[in-house]
Amino acid sequence: MSIEKDIAIHGLRGVKSVLSYITDEDHDGGKTDVQSYLASNFGIYDIDHMTAEEAALLKNGTVGISDLLSYAENIEKTAFTLDGDQTLLVSGVGCPADSAALAFQFSRENYYDLKGKAALVEPVYMDKETGEVKTKQSIECYHVIQSFPAIDGLDPRLVHRAGIEYAKRAFPGHKCVVTTHMNTEHLHNHIVVCAYHESEPRKFLMNMTTRREIRHINDQISYEFGLPILLDSDLNHNSTISYTEWEARRSGDLWKDRYRNDIRNIARISHNWDEFVTIMRQAGYQVNDERKYVTYRFLKPDPNDTRDFRKVRDKTLGVEFMRDALAREYDWNSERNEPTHHVKRKARDEKPDLSVSRYSPTGRRRSDLELLFLFAIKNIQFFKDWFFDKAGLERSPDNPVYLPYQKRLTLMQHAAFAVQELGLDNKDQLKVRLDQAGAKLSHVRKELENIETNLEYMQIIANKIRTVKAVSTETEGISSDMASLRLHEPTEEQLYTCVAREMPMKPRIKQQLHIKLEDNPQWKLKYDFSHVSHLLAQDIIAFLDGKNPVKPDCLITLDEFKQKRLVAKYEAIAIKKDQHLKEKHSSTPITSAMRKKLEFLKDTEGLDIDIDRLSMYDGMRVIGYFENRVNHYGNDQSYILSSQRERLEDLLIRKGMKIARNTRFVLKSEYDQLIDYLETGKGRLPDLLKPDAPIRESDRIQLAELLEIKGESCVIPLDELTQLDGQKLMTYLLTNDTVPDVLKKRAEIDPEKQKDIDFANDLFVRPPQERRVLDRYRNVLNDLIEHGIDPDKLDEILAQEKALLVTRDMLKAQEKDLSKEYRDLKRVETSLELANTPEFTHGPLFTKEELEPTETVEICEEKEQELEAPQEVMPTSQPISKGKELWDGLDEMLSSM
């Protein structure tokens, strides 16, 4: 994409006009094709709830209500329907889109409040030509047009997102309105940028430096969004123009183009600068050539003429309209060998015969297209270089109109041969053949692209398989089997990562996958985009489009995705808590109480640990692991009986004590400890007798999520738990299945690493040569397994590679033939357009009013009766052969004309 134009908007009227224009682009007189997208910050402006300042601005006419709601009133013209839903591609950056004019005005008022009221005075200057004192309105905003190439399948929503991202990066701190239009053959964004910073006393200045900077930002966004970067060959070509001129071009009031046409036409008939100035003045122009630049101004003969004609310099019209450029183009400093009007008179006096026979000398009936090209050849042969424009060829060397005689003649001759060779009779047949060839070529190229993408990955795997087979021959005679190699077992995530590393997604596929997932929110990726290969992305897109009924494994439902995120969330919480505990107590020795518990656990559980080497962190983790193996609040627990509850409540009243939980939810496992303490007053104070507050709402929500994830339950309603209960249940749910590091066996820490250790131990007893061979063999097999390849199916994959190579070669041959056919048909179409262009067949200086040759086609009636050919046009043509016969046919054809 590229920045096609940036236009400075002067005055508040221009702001309202351009905002109204970009949100209702219907200037072509027909129904607009603008697609729109409803942004999150878009909404109808609520007039009933305006502030006093907003109401005052509206009342004073600063911003009209019709301008504020112009988009809402024209929503039927700009609405786009997709699958029954209407969306609008209109967004505001830093302000609501529908009240952008008011938001821009607030930034303007804030600027002058910070800058000082003296800045409100508009600059005054004197016109050097007329001596008039004029005022220049300040620039209120800039209108930037961001254009995209005409690419099939380019999603307007992606274009709109690129425009929003560009507005944020290129104009930070400035309010913007971004709209996406499709009224031309290429998508483009209109971005209106408020010139005033929303919080600082400064304005945005559009100059060559800032223009280069924002175009560099545009190129960066193009790369990030997977869009092509269009390079501007000349920065001045896209330089800023005034909004008045831009509005005039849009509305059709092209007064500068009238100046250019008059200058061009008068320069063509002039022989020197003085003659040019004289004719221009006779035509009603005021020409001032006393300064460095020539100034033109059209003097209206009728005072009632309302057309806009202004004074303009030749440089403003274009460098080709400056004095020296006109002299070079029209050769004012040298004598012409034969003036154009003499050539026209000569051509008129010769009265050329430009008829063409329907039949060739051999009796072959010529088709309509062939007759048309033969007629063009006759015109080119007659006029030759009489109307040749050397200056035009130097200015536009790629324009076929300015080609010399021989090249134009050769172009038409080749077109006439191509019509015979392709068997084309008329224009309709040419159009049908061209559409068919284009459709076939597009289909074959798409299939070829898919085949080459699959083949690229298949060849990577095939090369690995060939390496495995080469190494396996070296293992012959060595006693070993697959089990002794202890091959790895990669996880699903590792498989996806390995394949994606070999074949990452291309930008176009990545862009399509992103859009498809947004359009189908019920599906999510199990892993992030870095785990998705190009081939897997194609399968996902085909499934989401309904073309593939098989769901890829990496695609999960929205509920599964939420569950996965919850699991990851609480795994991170458990790791964070464990890390905090480790940092706090890893260097502290265990206490005597912990030692007693650990010695008891060592005797009862048979732990193989050295208690003296444990830190307080290790001791807390070991004790907590054995104490928290049972969910004390699970379904296997039950409440106390009513008689037990009465006894407990009676004891609590007599002792003047309270428990932190309702007695209805006291568990039997807690009852005995409570009764024993209340009756004897000995032992550790039960947790329920400690002062405690009810569980916090955030803890209750986390416990509910954890219980669902772990598949556990809590017999006590979560609302009835205390904070201490919640902490105990949370600790159990987070750590009940986590074995402390000091209790883990070596294989449990890293099973794959243990396989490597065991394999190394097996190799240690073998000779050095066998060690190297087996180690290499195991490495190449593990490499294949990491790509998801079964070592028992290597030959099948090599056969698939051969089949893909055969299919690829066949498609390439088809593409070559179809490309040639399409290219030939396209050349015929282009030549047909040129054959109907008088400037090409007669010359670029040819004027139709001077010479109108009679376009006739001679019908050879005697030959037609002799061959019994029908008089109606278009029997089947007889294409001639290629090579020497083709050139012989040319001589024959030209001799019969």
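A nonpolar core is a set of buried Ala, Val, Leu, Ile, Met, Phe, Trp, Tyr and Cys residues joined through side-chain atoms within 4.5 Å; buried means under 20% relative accessible area, exposed over 50% and partly exposed in between, with a 1.4 Å probe and protein chains only. The model shown here is predicted, so local features need pLDDT of at least 70 and side-chain atom pairs count only at pLDDT 80 or more, while totals for chains, interfaces and linings use all residues. Numbering starts from 1 along each chain as its sequence is written, and side-chain values use heavy atoms, leaving out hydrogens and water.

**View 1. The largest nonpolar core holds 34 residues.** Look for I461, I465, V468, Y777 and L784, the residues with the most contacts inside this core. Helices α18 (427-474), α31 (751-764), α32 (768-786) and α33 (794-835) each supply at least two of its residues, and α18 gives the most, with 12. Helices here are DSSP runs (H or I, at least four residues), numbered from the N terminus. Leaving aside residues up to four places away in sequence, I465 touches L784, L794, I797 and L798, where contact means heavy atoms within 4.5 Å. Another core, of 29 residues, lies apart from the largest one, and includes A8, Y166, A195 and F225.

**View 2. Y111 and Y112 make an edge-to-face pair.** Rings of Phe, Tyr and Trp (its six-membered ring) pair if their centres lie within 6.5 Å; planes under 30 degrees apart count as stacked, over 60 as edge-to-face and the rest as tilted. The structure holds 15 such aromatic pairs. In this one the ring centres are 5.1 Å apart and the planes stand at 75 degrees. Y111 is buried at 10% relative accessible area, and Y112 is buried at 5%.

**View 3. W273 and W332 form a tilted pair.** Their rings are 6.3 Å apart, centre to centre, with 55 degrees between the planes. W273 lies in α11 (residues 273-282) and W332 in the loop between α13 (323-329) and α14 (340-350), so the pair ties together parts that are 59 residues apart in sequence. Both W273 and W332 are buried.

**View 4. Two arginines lie over ring faces.** A charge sits over a ring if NZ of Lys or CZ of Arg is within 6 Å of the ring centre and within 35 degrees of the ring normal. R323 lies over the face of W273, at 4.9 Å from the ring centre, and R778 over that of F759, at 4.7 Å.
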